[in-house]
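Please look over the model below. My notes follow as numbered points.

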Amino acid sequence: MIDAIRQKIISSQFEFSRLAVDQTVLRHITVREIREAVENAEIIEDYPADKYGPSCLLFGRTIAARPLHVQCSYP
């Protein structure tokens, strides 16, 4: 599954929820940093029965070693 998520990020086939946009602004996280973190991320939690649809929590680091958690929905 992580490979499919990475491929979506690489090919720009993703979108942010309103909450995600708000949080990235508050935490000064750029789209580039999210892309960098997902490149080396691992799935640390999987939520296949989440009430809004299957999702998972990723943990990765940017090139500058900034740690990021990224919540992803998947079909």
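1. A pocket, on a 1 Å grid over the protein atoms alone, is an open set of points where a 1.4 Å probe fits, with protein on both sides within 12 Å along at least five of seven lines; lining residues have an atom within 4 Å of a point. A volume is the space filled by probe spheres set on the points, which are joined across faces, edges and corners. By these rules the largest pocket holds about 990 Å³. Its lining has 31 residues, and Ala20, Val70, Gln71, Cys72 and Ser73 are the closest to the centre.

2. This is a predicted model: local features need pLDDT of at least 70, side-chain atom pairs count only at pLDDT 80 or more, and totals for chains, interfaces and linings use all residues. Residues are numbered from 1 along each chain as its sequence is written, and side-chain values use heavy atoms, without hydrogens and water.

3. Strand S3 gives the most to the lining of the largest pocket, seven residues. Strands (E, at least two residues) and helices (H or I, at least four) are DSSP runs, numbered from the N terminus.

4. Cys56 lies in strand S2. Cys56 is buried (under 20% relative accessible area; exposed is over 50%, partly exposed in between; 1.4 Å probe, protein chains only), at 0%. Its contacts (heavy atoms within 4.5 Å) include Val70, Gln71 and Cys72.

5. Four salt bridges are counted, each a side-chain nitrogen of Lys or Arg within 4 Å of a carboxyl oxygen of Asp or Glu. Glu33 and Arg66 form one, at 3.1 Å. That pair links helix H3 to the loop between S2 and S3, 33 residues apart. Glu33 is buried at 14%; Arg66 is partly exposed at 27%.

Definitions and conventions: Lists of a residue's contacts leave out its neighbours within four places in sequence.
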